Amino acid sequence: MIKPLRITLWCAGSAVALAVVVSVSVLLIARSDWLREKLRTTIIEQAEIATGGRVEIAKFQLSWTGLTADVSGLVIHGTEASNQQPF
C-alpha cells in the first residue's frame with residue numbers, strides 16, 4: 001500500500017473512532033444525574049436573578065430523548081412576610 005493512502009486511511013479511521021467516542025460520551029452525560037442537577041441549579045439561579053426572590057424546585061426531570069424538562073413543586077419566595085403564602 002502506498003504511504004499517502006495509508007496515512008489517509010489512518011486519519012479517516014481516527015476521525016470515525018473519535019466521532020464514536022464523542023457520541024457515546026454525550027449520551028452518557030445527557031443521561032447522568034450530574035447534568036440533571038447542574039441544569040436544576042442553573043434554572044434556580046436564573047429564576048432567582050429574574051424574580052429577585054428565592055426559588056425552590058421540588059422535582060426536576062430531564063428527558064434527553066425528547067429534549068424536554070418537567071419541573072414540579074416550583075415555589076417562588078418574594079418579598080412577602082414569613083406568615084404569608086409564597087407565590
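Colleague: Where is Leu67 found?

Modeller: Leu67 is found in the loop between E1 and E2; helices (H or I, at least four residues) and strands (E, at least two) are DSSP runs, numbered from the N terminus. This is a predicted model, in which local features need pLDDT of at least 70 and side-chain atom pairs count only at pLDDT 80 or more, while totals for chains, interfaces and linings use all residues. Residues are numbered from 1 along each chain as its sequence is written, and side-chain values use heavy atoms, with hydrogens and water left out.

Colleague: What is the phi of Leu67?

Modeller: Most residues other than glycine have a negative phi. Leu67 is not a glycine, yet its phi is positive, about 50°. Leu67 is also exposed, at a relative accessible area of 75% (buried means under 20%, exposed over 50%, partly exposed in between, with a 1.4 Å probe and protein chains only).

Colleague: In which sense do E1 and strand E2 pair?

Modeller: Two strands pair if DSSP finds at least two bridges between them. E1 and E2 (residues 68-77) are antiparallel, over nine bridges, and Leu62 stands opposite Ala69 in E2.

Colleague: Which residues form the largest nonpolar core?

Modeller: Nonpolar side chains tend to be buried together in soluble globular proteins. A nonpolar core is a set of buried Ala, Val, Leu, Ile, Met, Phe, Trp, Tyr and Cys residues joined through side-chain atoms within 4.5 Å. Here the largest one has five residues: Ile44, Val55, Ile57, Phe60 and Ile76. Strand E1 (residues 54-63) gives the most to this core, namely three residues.

Colleague: How many salt bridges does a search of the whole structure find?

Modeller: Side chains of opposite charge can pair when their charged atoms come close. The criterion is a side-chain nitrogen of Lys or Arg within 4 Å of a carboxyl oxygen of Asp or Glu, and the search finds three such bridges. Asp33 pairs with Arg36 (2.4 Å, N to O); because they are three residues apart in helix H2, about one helical turn separates them. Glu37 and Arg40 form another, with their closest N and O atoms 3.1 Å apart. Glu56 and Arg54 also meet in a salt bridge, at 2.7 Å.

Colleague: With which side chain does that of His77 make a polar contact?

Modeller: The partner is the side chain of Glu56, at 3.1 Å (a polar contact is a pair of N or O atoms within 3.5 Å; within protein, one must be able to donate a hydrogen and the other to accept it, and residues adjacent in sequence count only if both atoms are side-chain atoms). His77 lies in strand E2 and is buried, with a relative accessible area of 17%.
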